[in-house]
Amino acid sequence: MDHLDKLEAQSVYILREAYREFKSLCMLWSIGKDSTVMLWLARKAFFGHVPIPLVHIDTHYKIPEMIAYRDRIALEWNLNMIYGENRDALEQKLTFPDGNTDRLTCCKYLKSEALKHTLSGEWPRYRLDHELKRYVPDEGKEPYTGVIAGVRADEEGSRSKERYFSPRDKDNVWDVGDQPPEFWNQFKTDFAPGTHVRIHPLLDWTELNIWEYIERENIPIVSLYFNQGEGTRFRSLGCYPCTNPVDSESRTLAEVIEELRSGKLSNIAERSGRAQDSEDGGLETLRRDGYM
Amino acid sequence: MNIVIVGHVDHGKSTVIGRLLADTGSLPEGKLDAVKASCRRNSKPFEYAFLLDALKDEQAQGITIDMARCFFKTKKRDYIIIDAPGHIEFLKNMITGASRAEAALLVIDADEGIQENSRRHGQMVSMLGVKQVTVLVNKMDLVGYREEVYLKLQADYSEFLRQIKVTPVSFIPVSAREGENIASHSELMGWYTGPTVLDQLDGFASEADLQEKPFRFPVQDIYKFTKENDDRRIVAGTVAAGTVHAGDEVLFLPSGKQSRVLSVESFNTRPKTAATVGDAIGFTLATQIYIRPGELMVKPSDPQPEVGSRFRVNIFWLGRAPMVRDREYKLKLGSAKASVRLAEICNTLDASDLSFSSSKQQLECRDVGECILETSRPIAFDPSSSSESTGRFVIVDNFEIAGGGIVVENLSSGETLLQRHIRERENNWEAGHVRVEERAQANSHQPKFIVFTGAPGTGKRAVAKSLERTLFENRMNAYYLGVASIDRGLDADIGAKADSADERLRRIGELARILTDAGLIFITTIDDADDFDIEALKQLNEPNDILVINLGENGFSRYQPDLHLPSVGELKESVALVVTMLKTREIINDWQI
């Protein structure tokens with residue numbers, strides 16, 4: 001087995017553990033390359049099927065290609081696709097692009113809050129109807145107690161300390177200093193009522209591994225990651241007001257991989273194009289409040 | 001390759017990693033700048049350890065509280081370096097880190113010498129199955145790079161490692177702060193001619209070859225995605241050892257069922273005909289047999305694993321509450337789960353001073369103990385000396401993983417806790433003045449415990465209730481117990497938790513003992529009972545008798561139910577079949593119905 005085989009096998013094992021142990025399980029799909037690889041790994045784990053609902057938090061400031069890609073794949077792969085949003089904040093224009101909040105507060109409202117309340121079932125969920133080919137209000141109001149997320153340990157300091165199975169209390173708060181032990185391949189899968197758990201099958205993957213795997217498996221990913229002729233491409237995807245492309249000539253997977261391996265991006269942090277990270281507190285503060 | 005760095009708090013683990021990352025150009029620019037900027041803001045001199053101390057409250061405390069992963073690459077291979085905290089409070093984090101490593105770097109401060117956690121971590125790493133250990137004697141700059149300090153420490157620590165049966169791969173004198181012997185040979189320690197840390201990392205052997213070992217496949221789950229128009233019934237899991245091919249005969253333990261591998265299943269790969277150690281894979285079988293997640297799939301042609309419910313183990317306990325006798329815990333081994341009790345503590349080892357004690361009555365937090373455990377039902381395993389991954393387990397207490405350990409040997413002969421319990425119960429049984437036989441004569445039927453079982457939804461409750469009605473109308477003392485009736489009553493204290501299945505079963509068995517003693521035909525239903533469930537009920541109901549009626553698919557492996565109804569037709573017909581059997585067995589008289 002090469003390094004990618006090992007990473008794949010471990011992720012598949014974790015996904016199967018999650019599916020075995022959690023009755024109310026969902027997978028977060030941000031449309032980005034990482035969670036798309038995770039979705040692919042679910043197809044690996046369940047032999048072509050995805051028996052777990054996929055949840056996307058729509059800030060309505062996502063780059064339009066992302067949404068079109070999401071719905072195309074969801075129909076093609078027969079996914080149980082669900083999205084949620086912060087309707088109140090959007091209606092009241094409590095956003096950074098509207099000039100009413102700073103970037104971090106905007107993230108908190110449109111992502112963290114929307115995620116928290118969509119997972120708990122308190123706010124409306126919308127489900128893709130495969131017959132009608134559009135979203136309809138979802139009947140399900142059950143809270144999701146197991147949430148699979150595609151975070152990687154190499155992305156940023158606080159993510160390097162995550163567990164594969166990481167408990168959050170009922171307010172989604174992460175107690176970094178008191179995490180359960182994980183012996184060998186035995187994870188904490190027993191939970192007292194009221195707690196829920198984040199499951200991280202991609203923890204040991206690096207950005208380069210993700211791209212190498214996309215190439216090996218021929219996984220369709222959103223075109224924004226490639227230079228389409230303007231000499232720029234996105235390295236990390238988010239909302240368009242806060243996500244900047246990087247200068248890059250890479251038009252193909254092979255060129256992206258080369259650029260990361262030894263080219264000009266090999267020494268630059270991945271999220272450098274994400275403006276909210278450089279504000280005070282940054283990602284860690286967001287994550288403590290439930291940001292993925 | 002996963003490498004863990006362990007050692008006593010402040011002996012310099014984070015600095016070693018920071019140095020490795022910096023000296024090999026493995027740091028993204030953004031990271032180094034951010035840490036340097038943060039140091040400037042806080043008016044602190046930059047240190048390599050800060051690179052890892054990415055979390056705010058951790059920097060405030062100045063110690064690593066959780067294991068952190070760092071990614072790192074040499075010309076030879078990719079590494080994941082796991083930084084395990086040295087502080088004793090965070091031992092469980094250290095274990096998390098060490099249990100997934102193939103090799104360990106153990107850091108000891110040359111100036112401060114061997115400390116409690118230098119020993120404890122050495123022992124943990126050995127118990128966790130990390131076979132390759134290199135000892136870094138750090139902070140040589142503080143002792144003037146003197147060889148005699150290094151040699152003394154090497155001798156002392158080697159002696160300790162010898163006691164716990166660990167042979168280190170090497171000792172390396174280093175100064176992580178000054179970068180001596182990390183990536184390049186130190187000129188200040190010309191007396192040392194061994195490898196640098198970087199050389200040593202590349203020198204560790206990769207995972208021992210497990211392909212040739214006996215085939216072991218813990219069944220993680222059984223999938224059938226019928227709704228998606230997929231008729232495959234796939235046995236899924238990860239191969240723990242060995243290799244299997246399509247066409248091979250396979251055996252499932254503990255149930256003992258056999259079949260043959262029909263196909264090897266995977267998604268988006270070339271068609272496969274074999275699966276080997278490490279593969280997360282699936283199989284379809286040539287025959288439709290009923291197996292459950294948690295069984296161990298093996299080849300009958302290989303050396304067989306042990307099956308038992310009583311075994312000698314080494315445990316390290318991390319629970320907030322001590323591990324005590326007479327408390328039910330949950331054991332997870334491979335993909336199997338079972339409730340487990342601590343039967344005996346043989347001896348305990350205090351890692352801080354390496355003293356043995358045989359008088360302890362319970363395992364305290366951070367104790368290492370040789371114990372005897374007993375599971376409520378047999379599980380399949382290997383002694384960890386012959387197959388590591390199927391010979392180690394964790395123990396869950398109150399939702400938390402509270403301990404881990406390795407199986408030393410099977411002790412299945414000898415009285416089980418259940419047998420002892422029943423012996424003691426019967427010795428203390430206080431009978432009234434009416435004998436069982438007298439009651440049977442008065443009732444004109446034998447007392448009997450009748451269990452209907454089968455998959456949920458087979459209609460067994462309807463048959464059971466109808467049987468009760470028929471017997472009652474013919475003046476017999478029959479009583480049907482709906483299991484739901486005791487959830488909020490007799491079982492209110494344990495609820496309907498998945499964990500308490502064994503305890504719920506025990507209570508039904510105890511109830512049966514009483515009600516059959518009262519002369520009743522006591523009827524109940526149990527979903528999907530297996531051989532071990534019935535064996536437990538049978539023992540609990542002793543000295544009275546049990547009758548088992550299976551509806552639908554027969555899920556038993558060796559146990560022969562007294563009556564098997566493959567398909568449930570008309571209610572009346574099913575009841576008539578049961579009544580006929582009761583007559584044949586002379587439980588009721590021919591003329592009564």
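Two strands count as paired when DSSP finds at least two bridges between them. Strands themselves are DSSP runs of E with at least two residues, helices are runs of H or I with at least four, and both are numbered from the N terminus. With that in hand, look at β22 (residues 448–454) and β24 (residues 521–527) of chain B, which run parallel and share seven bridges. Within that pair, Val451(B) sits opposite Thr524(B) of β24(B).

A quick note on the model: it's predicted, so local features need pLDDT of at least 70 and side-chain atom pairs count only at pLDDT 80 or more, while totals for chains, interfaces and linings use all residues. Residues are numbered from 1 along each chain as its sequence is written, and chains are lettered from A and ligands numbered from 1 in the order written.

Now zoom out to the sheet. The open sheet has five strands in the order β23-β24-β22-β25-β26 (chain B), with parallel pairing. Its edges are β23 (478–481) and β26 (563–565) of chain B, each pairing on one side only. On average, neighbouring strands here are turned by 20 degrees against each other, direction ignored; axes are lines fitted to C-alpha atoms, for helices over the stretch in contact, and angles run from 0 to 180 degrees between N-to-C directions.

Helix α12 (residues 501–517) of chain B touches β22, β23 and β24 of chain B, its direction making about 165 degrees with that of β24(B). Helix α13 (residues 531–541) of chain B touches β22, β24 and β25 (546–551) of chain B, at about 155 degrees to β25(B).

Key. Two residues are in contact if their C-beta atoms, placed from the backbone, lie within 7 Å.
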